Amino acid sequence: MSDRRQPYKGQPKPLYHALAQSITIDIERGAHPVGSTLPSEKNLMSVHGVSRQTVRRALALLRFQGLIASRPGVGSMVLPAPQEVEAFPPIISVDGLRELLRRTELHHVSLGLITVNERLSDVLECRRGIQLSEACFLRRRSAASLPAGVVRVYLHPEYAAAQITSRIARGPIYQNLERMYGIAVTEVRQDMTATVLDKETADLLQVAPGDPALQVVRFYYSTAGNPVEVAVSHYPSSRFRQSIRYPLPPASWQAG
């Protein structure tokens, strides 16, 4: 090939380090844009004049640095530049939920009717085949270039008007239920699980499908004890962190 590069013989760093550095430079220069896939292992071997083992070790280093994500049958996808992860207090009370709302914004993506499939029925704890109104938002920190998470809010279609917001929502949807329909929310249940991102959610977050994420499901209950709203959020592990620090009683110090 006319753009064949010389092997990295005689350099002080291991060969795979030098190859990883060269690929990083190409990414920074725009030769491999965010969301694109890197050339195949065979192509990298040919262009750089190195062995398959060297290519694989270089790709492993780039994955460790958060620059790419590799998927079987797809290849190595270029990821957005890592951003600083802000620590949020654990959401174990209304105060914690208010703090999350205060420090983030909900940017409207879509609103429409959906038919609940089997997977979603397990998450929402409702019957498969029923119709719900789904509003999708990106949760953002004002200074961040990338969204922290995707939030999908589900209501009975009768209350869909409560999901109509400005482009940037300024308050929680459950307050609209009370203001517009007189439905007071008096209790919230929160379930948190580890998951991997599907393609639709990953595309919204600008990460790779299959990346690990935190799934948070919140059920909002009325005074009658019935769930009137369910919010399902997905936060990729690279964007969201909860942190808590608490004192131990003196007796526990002696126990080590």
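Let's start with helix H2 (residues 41-48) and helix H3 (residues 52-64), which pack at an angle of about 110° with their axes 9 Å apart. Axes here are lines fitted to C-alpha atoms, for helices over the stretch in contact, and angles run from 0 to 180 degrees between N-to-C directions. H2 and H3 are therefore roughly perpendicular to each other, a label that covers 65 to 115 degrees. The contact (heavy atoms within 4.5 Å) is made by Glu-41, Leu-44 and Met-45 on the H2 side, and by Arg-52, Val-55, Arg-56 and Leu-59 on the H3 side. Sort those residues and you get four nonpolar, no polar and three charged.

A word on the ground rules: this is a predicted model, where local features need pLDDT of at least 70, side-chain atom pairs count only at pLDDT 80 or more, and totals for chains, interfaces and linings use all residues. Residues are numbered from 1 along each chain as its sequence is written, and side-chain values use heavy atoms, with hydrogens and water left out.

Now jump to strand S9 (residues 212-222), where you'll find Ser-222. Ser-222 is buried, at 11% relative accessible area; buried means under 20%, exposed over 50% and partly exposed in between, with a 1.4 Å probe and protein chains only. Leaving aside residues up to four places away in sequence, Ser-222 touches Ile-183, Ala-184, Val-185, Thr-186 and Val-228.

Finally, the cysteines. Cys-136 is buried, with a relative accessible area of 2%, while Cys-126 counts as partly exposed at 23%. Taking a disulfide as a pair of cysteine sulfur atoms within 2.5 Å, the count comes to zero.

Conventions: Helix = DSSP H or I, 4+ residues; strand = E, 2+ residues; numbered from the N terminus. Parallel < 35°, antiparallel > 145°, perpendicular 65-115°, else oblique. Nonpolar A, V, L, I, M, F, W, Y, C, P; charged D, E, K, R; others polar.
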